[in-house]
Amino acid sequence: MSTRLENMGRLVDRNQAVTFLFNGKTLQGLAGDTIASALLANDQLLVGRSFKYHRPRGVVASGAEEPNGLVNLGQDGHFEPNQRVTTTELYDGLQATSQNHWPTLEFDVGAINTYLARFLPAGFYYKMFIHPRPFWKYVYEPIIRKSAGLGKAPKDRDADTYEHFHAHIDVLIIGGGIAGLSSALAAAQTGARVMLMEQTAHWGGRAAVDAPQIEGMSAEAWIAQTVEALEAMPNVSLRLRTMGAGVYDHGYVLGYEKLTEHLGVSDGPRQRLWRIRAKQIITATGAIERPLSFAGNDIPGVLLASAVRDYAVNYGVSIGDRTVVVANNDDAYRTAITLCEAGLNVPAIIDVRPTSEGELPQQARDLGIRVLSGKGIAKVKGGKRVTSVVVCAQAGEGAALEEIACDCVAMSGGWSPVVHLWSHCGGKLIWDEAQAMFRPDPEQAPKGDQGQDFVTAVGTANGNLFTAEVLGDAFAAGLSAAQSAGAPKKGRAANAPQGNDAEEAALSPAWLMPQGASYELRAKAWLDFQNDVKVSDVQLAAQEGFESVEHAKRYTTLGMATDQGKLSNINGLAVLSKSLNSDIPDVGTTTFRPPYTPISMSSIAGVAQNDLFQPIQWTPMSEWHSENGADYEPVGHWRRPYAYLRDGETVHEAVNREVVNTRESLGLLDASTLGKLVVKGPDAGKFLDMMYTNMMSTLPIGKCRYGLMCTENGFLSDDGVVARIGEQEWLCHTTTGGAGRIHEWMEDWLQCEWWDWKVYVANVTEQLAQVAVVGPNARKLLEKLGGMDVSKEALPFMQWADGTLGGFDARAYRISFSGELSYEIAVPASQGRAFWDALLAAGEEFGVMPYGTEALHIMRAEKGFIMIGDETDGTVIPQDLNLQWALSKKKTDYLGKRAQERSHMADPNRWKLVGLETLDGSVLPDGAYAIADGDNDNAQRNTQGRVTSTYYSPTLNKGIAMGLVHRGPERMGEVLTFTNVDGEPIKAKIVDQVFYDKEGAKQNV
Amino acid sequence: MSNAVSALNGLTAAGDVTVKEAGLRGMITLRGDFSSRKFKNICTELSGMGFPEQGKANCDGDRGLCWMSPDEILLLVAHDDVAESLTKIEKALKGQHYLAANVSDARAQISVSGPFAREVIAKLAPADLHPDHFQPGDFRRTRLGQVAAAFWLTETGAIEIICFRSVADYTFRLLAASAKAGPVGYFTV
Amino acid sequence: MLVLHCPYCGVDVDETDLHGGGEAHLTRHGPGSSDDEFHDYLFQRANPKGVHFERWRHVYGCGKYFHAARCTMTLEVFGTYSAQTLEPPQEIKDAIMAKRPDWTGGAKS
């Protein structure tokens, strides 16, 4: 059984017990434990079930590479699935449940799949479920979905907060082992801005466990001394629990910092996403030990040799009493030695190499450990935990030589440098034959904005497995990176720390154990523990023609689980290359993509959640709207009242009331959101003549003109009223959503095409609160407020004037989008609310009512006015909307003019705007199509028009609509049939688009 | 007028770092030719401050000059002095090609002050705010979260932010949330 | 994510503060142009693997458009320069030639 040792455990505090829940069971751990070490200390070896066969699985690793130990963590709003037990720090009250089993971890019905494994090889799903076609949707998929997936999706809204932080750094070092520390020392002495991040809660990495000598002291002492020295330097920032998640173009790096999650539910942000721009990046990300591929290598109790060592040294936890070490290298002997020193039994070290005579093997032999050279494991026996191993000759097919009883197997297939961050932004790899690993190719580093190399890999991440070369390599890289980043001082190379550790003999690659293993054995030799991919699956993929590593990956799902193949990729592609009779470097690796380990979606959102999810734009009058029943609709990022609901009213009733009241008496509209651009300069008139289809240069001062803007494609892009303010000054109104876009459009032409024209533009949209005062009593209201002359004579239709109204400085535009007598009054935004209140108070005697955007829409549709975004969709030209009158014939050029001369634009067969009236007075569905005879080439019904705006008109008491119809204006009176998703097609007659007050009598008073 | 109110009417979120809307401020967007002596003179006359270099702001209290672009200055004056300033500008630049627009009410000014004010901004803006790089007098136009903003550092270590009025509420809450979340411990100054 | 130097503000700017504006140095064709000329002006865009000239607007900053010469393969930036030019200035061309001797020199190749 696995248990807590009396000795060892450098990271745990034996005086501080921590209570936690696993699958509802209360367990005790120690402060400093991970969930994994605490579970193991409680003899909880079994942590989950595998994805496909539901095989019992235990912890394999001790770090970020762990494939099996995934749990549902936390409760309610703090719940998160797929949390790795090896990297989750224990805290008091932690609640975790294991995943992927039913009904319980110990007894899982799905485990039947393991007996069906022969019938569930790679590609099984693709082959089995392709026929008959309809079965997929109705039979297969619903069943498969029930049994698929890791963990549970959270049900509650995330209760935690998150944040971002932007940092600009000269030298960013990712990985706080001795390599990273050495690089940091070097870079820091140059005065460069240095940041060192470490994903775990501790500095020093593996060296603290393997304990080489550095600068004549223990590694642990050197690490502590170095961290202290770095902490004292103002140009160095040290961050624990911060993972380098991804390296991107131009030195952009994401760092993922855990702030409070190791404390449980607590105040403050849970995670911080560092958004870093680094001039130089050093990846000191270490290496990951590789498993060996033998039958039963997934049985709980089979762990990486380094992990067995870590659990003993760091946490004082033994996996078992009798540990068999199986390896192809010297380093794994450290595990055997460590276990012996802890007083545990190591019955044998099984070494695939014919001889093992190095320093470490000698030490092991001196401790009395039996070393079996040239041997391998034929299979591991056991169910929910290891009971014994069957030893065979590595060179053979697996014939049993002896069986050794044990409860733990520590395996080591050599080390793979963590090259992920090096590779994210284009760094290439070379195959190191001697060490059987892919390592960074310094000749092909990621390139930065000046074409410079901007990432350097150091230490074991660079394929240097020994302390002396790790320290020297990392220190030199730190110096050189600082210099490349333009550090103020030079720094001394001679200051590089010195270190030494045991001499090690070369490893011998062993991609399959034994090398001639039978199918029976290969079908139980796991490569990818999380996705249940075995040696036999990869061989099958090769046999079936999936020769590219990328294809084989997708066919078998090797490396596609949440661990992204940290343990399985190299072993998998070695098996693939062997099956294809080619060399490993010729097969190559799959692509390394960020993030290094999964990061939470919430950290990516940062502070942008709930009411900060996106910026909402409010007008100076919004508070009043909110207090008076406004039902908002989004218009761009603005919120505009759609209607103001009174007690007991439906939205529809409110809209109708607002329309009727405005038509009969007086309405107010908050029009502050309309874009307002000041265009000024000696060439402003000439410029506006290019921007608008109309002639704006001839507009007299004091007058207004409705204008259209088109893109160079000829399509209508915006509209609004333009007022001539002065000799060289115009004010252009845009649509609510259009202010920023049209401002940019104008600047584009002024800066990039006509840069010699003297014109300045300023966006003054938000400077002004604008209110449309609309209805037969509009003038009476303004006259009651008193001030400027708003009479028909003084301020005729389509003119503007400055003055005061009720004591407010105001500009009044006599314009109308409703067909009523109407003024739009602009006042400074700071006085907008006061002005609004004054209008409401003075308007009380006229029964004044504010109206929302829907009433605005209905009234403009009754008048046949177009709306950008309803009648236009980026394919509509002014001619389609019968707006020829707004296209200046006198001008030789305006934006869009040339395009409108193209044959397709001038084609009389275009769909053009008409009014539509249903025969029964009902309201046409929005977007409905007018059906034509016959079918098109795709066997869809032909169409001859579509509805662009449709409303119930309370003024006319029937449905009214506008639409684009094939040669529409020539077909007045014709009846068309429109599609209706919810029922029978609807018949509607083509009519004039102006439904109300055709003569304009109401607005011209 | 006395009934004028700023976007957030002086709203304050007090804490280790305090976020406060500055109230009514006078702001004039002035576009023109920076090589014109008359242009520079009227700027310095109305603000009482020197004409700023590229990327700088010279501000003191509610008066100042901010470098917005190679042909745009943001002139800060008292809110009540805007109309008079505009008249003076018109007089001084008569005959020149320029544009002066009152944008006092189009903007909101928010002040962030306290020990880690710099970090509060660095949580939200992609600009380099390291003390080596961003000092009193520097002026930066960039983003805060998802909206445009401009800011400068005062001699006392407070950061003055200008954003659009319509998103003052968003910007304020963004800053208040970032201040409440506490220090990062990254900037040592 | 790119960093580009805004020649107007004099600062290095994160891509999130910028707005891409498509290919630079287009020649506008208006009324009087042939159908082919107009078609090319509207729709025909260079999409080179390698040296490319493009427009960017410092939308969260000074609001100015500037031009960037950039390698679309490696994202190497050869320089940024004023948008008020009909072709890349000589120093930009020199910078490109220094790094990409094979470049044929066409602004719109």
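**Note on the predicted three-chain model**

1. Strand S4 of chain C, residues 51–57, is mostly covered, with five of its seven residues buried, where buried stands for 20 or more other C-beta atoms within 10 Å of a residue's own, exposed for 12 or fewer and partly exposed for what lies in between, the C-beta atoms being placed from the backbone. This is a predicted model, in which local features need pLDDT of at least 70 and side-chain atom pairs count only at pLDDT 80 or more, while totals for chains, interfaces and linings use all residues. Residues are numbered from 1 along each chain as its sequence is written, and chains are lettered from A and ligands numbered from 1 in the order in which they are written.

2. S4(C) takes part in two pairings, pairing being counted if DSSP finds at least two bridges between the strands. With strand S3 of chain C (residues 19–23), S4(C) pairs in the antiparallel sense over three bridges, and Glu23(C) has Glu54(C) of S4(C) as its bridge partner. With strand S5 of chain C (residues 65–71), the sense is again antiparallel, over seven bridges, and here Arg55(C) is partnered by His67(C) of S5(C).

3. Chain A has 1005 residues, of which 56% are buried, and holds 27 helices and 52 strands. Its C-alpha atoms fill a box of roughly 115 × 70 × 55 Å along the principal axes. Of the contacts in chain A between residues at least 6 apart in sequence, 66% join residues at least 24 apart; a contact requires C-beta atoms, placed from the backbone, to lie within 7 Å.

4. Helix H16 of chain A (residues 569–579) is mostly covered, since eight of its 11 residues are buried, among them Asn569(A), Ile570(A), Leu573(A) and Leu576(A). The buried residues of H16(A) pack against strands S27 (415–417) and S32 (526–528) and against helices H14 (535–543), H15 (549–556) and H17 (584–587), which also belong to chain A. Just after H16(A), Asn581(A) takes a positive phi of about 55°.

5. In chain B, the axes of helix H1 (residues 37–47) and helix H2 (residues 82–92) come within 10 Å and cross at roughly 160°, the axes being lines fitted to C-alpha atoms over the stretch in contact and the angles running from 0 to 180 degrees between N-to-C directions. H1(B) is therefore roughly antiparallel to H2(B), a term for angles over 145 degrees. The contact is made by Lys38(B), Ile42(B) and Leu46(B) of H1(B) together with Ser85(B), Lys88(B), Ile89(B) and Ala92(B) of H2(B). An α-helix has 3.6 residues a turn, so residues three or four places apart point the same way.

6. Between chains B and A, 39 residues of chain B are in contact with 40 residues of chain A. On the side of chain B, two or more residues come from each of strand S3 (26–31), strand S7 (99–102) and helix H4 (168–180), and H4(B) gives the largest share, six residues.

7. The contact of chain B with chain C takes 10 residues from chain B and 12 residues from chain C. Strands S5 (63–69) and S9 (139–144) of chain B each supply at least two residues of the side that touches chain C, and S9(B) gives the most, with three residues.

Terms used: Two residues are in contact if their C-beta atoms, placed from the backbone, lie within 7 Å. Helices (H or I, at least four residues) and strands (E, at least two) are DSSP runs, numbered from the N terminus. Angles under 35 degrees count as roughly parallel, over 145 as roughly antiparallel, 65 to 115 as roughly perpendicular and the rest as oblique.
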